[in-house]
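Here is a short report on one protein model. Please look at the sequence and the structure first, then read on.

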Amino acid sequence: MTGRIFEQRGRYFEEFEEGDVYVHAPARTVTEADNVLFTTLTMNPQSLHLDAEWSATTEFGERLVNSMFTLSTMVGLSVAQLTQGTIVANLGMTDIRFPSPMRAGDTMTAETRILGKRLSKSRPGQGVVDFEHTARDQRGNVVAVAKRSTLMRCRPDDAPGVDATGTAESAASPAEADA
């Protein structure tokens, strides 16, 4: 019996097309523990993230999720579908905005638009892909937007194709083919 082998991975440089939009799943519900842990791990003592009594006196009336956690989670939601195993490096982020705050208990969804791509002039077998990530809360409010530039691997000659879910199909191993 010949079986197919599937490997989940991100996209190679050639598989990105300008204007395409990827909707990422699953969503991520942010907890109070996420916010406190991230804030303390990153040495950010901002009262707006840690002090419930002080935060109650602000215009928000409660603690807010650390915006750097929001940014990191938004990018993280894209990894399985876009860059898992195919990224070489993040090159930079620009135009980062947080139009609405996130609160503990909010559920984040994210999508990514491909802004453009070009082959690297100095790194054969690699190319630069520009993304625009957008995150929303469960009410549809935009909570973060960022443009990100990445260095991506080009598709190796022997790499299997990828379907719309990001699953790559490999040929059966020689032992399986002979069975």
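Asp34 is buried, because its relative accessible area is 16%. Buried means under 20% relative accessible area, exposed means over 50%, and partly exposed lies in between (1.4 Å probe, protein chains only). This is a predicted model: local features need pLDDT of at least 70, side-chain atom pairs count only at pLDDT 80 or more, and totals for chains, interfaces and linings use all residues. Residues are numbered from 1 along each chain as its sequence is written, and side-chain values use heavy atoms, with hydrogens and water left out.

## Overall layout

The protein has 5 helices and 7 strands. Helices (H or I, at least four residues) and strands (E, at least two) are DSSP runs, numbered from the N terminus. Along the sequence, the pattern reads β-β-α-α-α-α-β-β-β-β-β-α. Of the 179 residues, 35% count as buried.

Contact means heavy atoms within 4.5 Å. Among the contacts with a separation of 6 or more, 71% come from residues 24 or more positions apart. The protein exposes about 9900 Å², and carbon and sulfur atoms supply 53% of this area. Accessible areas come from the Shrake-Rupley method with a 1.4 Å probe; for residues, only the protein chains shown count as cover.

## Asp34 and its surroundings

Asp34 sits in helix α1, residues 32-41. Leaving out residues up to four places away in sequence, Asp34 touches Arg28, Thr29 and Phe69. Arg28 also forms a salt bridge with Asp34, and the closest N and O atoms are 2.7 Å apart. A salt bridge is a side-chain nitrogen of Lys or Arg within 4 Å of a carboxyl oxygen of Asp or Glu. Arg28 is partly exposed, with a relative accessible area of 30%.

One of its polar atoms lies 2.8 Å from the backbone nitrogen of Thr31. A polar contact is a pair of N or O atoms within 3.5 Å; within protein, one must be able to donate a hydrogen and the other to accept it, and residues adjacent in sequence count only if both atoms are side-chain atoms.

Thr31 belongs to the loop between β2 and α1. Thr31 is partly exposed, at 36% relative accessible area. Thr31 and Gly105 are 74 residues apart in sequence, yet their C-alpha atoms are 5.5 Å apart in space.

## The two sides of α1

Which residues of α1 are buried? They are Asp34, Asn35 and Thr39. These residues cover an arc of only 115° around the axis, so they lie on the same side of α1. The arc is that of the directions from the helix axis to the C-beta atoms. On the other side of α1, Ala33, Leu37 and Leu41 are exposed.

The buried residues of α1 pack against β2 (21-29), α2 (47-50) and α4 (67-82). Asn35 counts as buried because its relative accessibility is 5%. Not counting residues up to four places away in sequence, Asn35 touches His49, Leu64, Val65 and Asn66. Just after α1, Met43 takes a positive phi of about 60°.

## Salt bridges

The count comes to 9 salt bridges. The table lists three of them.

| Pair | Closest N to O distance |
|---|---|
| Arg28 and Asp34 | 2.7 Å |
| Arg103 and Glu62 | 2.7 Å |

Arg103 forms its salt bridge with Glu62. Arg103 lies in the loop between β3 and β4, and Glu62 in the loop between α3 (52-55) and α4, so the pair ties together parts that are 41 residues apart in sequence. Glu62 counts as partly exposed, at 34% relative accessibility.

Asp106 counts as buried, at 5% relative accessibility. Salt bridges that share partners also join Arg9, Glu15 and Arg155 into one network.

## A surface patch

Met68, Met93, Ile96 and Phe98 form a nonpolar patch on the surface. Together they have about 310 Å² of accessible area. Patches are made of residues with over 30% relative accessible area and no salt bridge: like charges are joined within 9 Å, nonpolar side chains (Val, Leu, Ile, Met, Phe, Trp, Tyr) within 5 Å. Phe98 is in the loop between β3 (87-97) and β4 (107-119). Phe98 counts as partly exposed because its relative accessibility is 31%.
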